[in-house]
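Me: Please take a close look at one helix in this model. I would like to know how its faces and its two ends are set up.

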Amino acid sequence: MKTYFLIIAIATTVTFAKANNQPYEMIIEGVKVVVQPAGNDIVEIRTIIKGGVQNYPENKAGIESLAMMALTECGTELRDKNDFKNKLDAVGAIVTGVAGKDYATFRMNCIKMDFETVWPLYVEALLQPKFDLKEFGRIKQDAINNLNARESEPDASIDKFAEKIAFAGQDYAKDPDGSATNLHSLTAVETNDYYDSVLTKSRLLMVVVADLDKESLASKLKTLLAGVKPGKPFLLRKSSFSSTKNRFTAAPKALATNYIEGITGGPAPGSKDFNAFNVAMRILSDRHFLEVREKNGLSYAPQSWFSGSATSSSRIAVSTTEPNKYITVFYSMLSKIKKDGFKDEEVKNMKTTYLTAFYRSQETNAAQAATLAASEVLHNNWRRTLTLLEDIGKLTTPEINKVFNTYIGNFSWVYHGNLNQVNTTLYTGI
């Protein structure tokens, strides 16, 4: 089941708002470091490598994901994989990496009393990975197996198909996990070289959520970053999906039900419309669920969400045995919203629901670090939700209706299922 991808920074709850416990930033060795005092004994540190799918061509998609896994799964120049993992297991710490569409993350998590033990291991994996040939072969095969397994999952398969069609010819059509063909061709040496090419100060962001002495932390980060080369200037490109007309692309699949996904527009991160549109899409999600499931019984879990990432878009997804009736209901609902707008009461209630859900989502240091990272990379502003409560509170119904009508336009629809059950003209109007 899909969830909203919230591109907003950490909220200033009562715990975070103490005068002597405010978040701050430092520039160390030319790299921005964002620090959020935690108010607990957990240490969460993240090294962010910006770029994601913009860093490699289509035929190398998957290379960054393999590289991030290799940092901890292939050992280091100082110790093999088992020795490295045993030292982490002894203190219950986590050191791991993952690649995404917009950036890669290499993180560590431990309790404060074990920080001096875990930090050297983290630095070692980041700066001295081994890319052992045997272990690399193992993680490559695991990645291929995971890709094949994901392809057999209808929700994951339709997501991938939707992005491939909607973003054809663009960076966002690439899957960070790559393809089996790509992964088979990648070597340990090539992947190591790739990692070396993107591990540059110009692409890095450091995020710390922990109660650590500022001077001691700065000293440790300076030592780490001194071992990273400067690199060429890098700027993450941002855009918003748009289509000149409604499109429909189908692929036959023998499924118990048909899977449908539509992609349309949304404001780019950092734009003035972002918060208002986020609220609008949440109201649409409620309306969509009510109309499709509650009133018409057409799907168990119809979904709508806003993917406010570097290539911003809005998504509609449903599984149904009646695709023609579904799209009729959907377009009727959409037409009514565009004509009459959302109601004041809906907007008031959703603003409260939105804020409450966000604050609750930030209960862990890891969640706070993830949100700070996304806000800085995508919005160029990790501080943006220091005023979140005020900014959401002052949004008006006319403003929310206006941004909804601005960005919800033509759809790129994709379909997996029985082709005999769907009338394509109902989706395209052609």
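Reply: Helices here are DSSP runs of H or I with at least four residues, and strands are runs of E with at least two, both numbered from the N terminus. This is a predicted model, in which local features need pLDDT of at least 70, side-chain atom pairs count only at pLDDT 80 or more, and totals for chains, interfaces and linings use all residues. Residues are numbered from 1 along each chain as its sequence is written, and side-chain values use heavy atoms, with hydrogens and water left out.

The helix is α2, residues 81-91. Lys81, Phe84 and Leu88 are buried (under 20% relative accessible area, with exposed over 50% and partly exposed in between; 1.4 Å probe, protein chains only). Seen down the axis of α2, these buried residues fall within an arc of 75°, so they line one face of the helix. The arc is taken from the directions that run from the helix axis to the C-beta atoms. An α-helix has 3.6 residues a turn, so residues three or four places apart point the same way.

Several elements cover the buried residues of α2, including α1 (63-73), β4 (94-99), α3 (115-127) and α4 (133-151). On the face turned away from the buried side sit the exposed residues Asp89 and Ala90.

Now the ends. At the start of α2, a side-chain oxygen of Asp80 comes to within 3.2 Å of the backbone nitrogen of Asn82. Just after α2, Gly92 has a positive phi of about 65°.

Definitions and conventions:
Contact means heavy atoms within 4.5 Å. A polar contact is a pair of N or O atoms within 3.5 Å; within protein, one must be able to donate a hydrogen and the other to accept it, and residues adjacent in sequence count only if both atoms are side-chain atoms.
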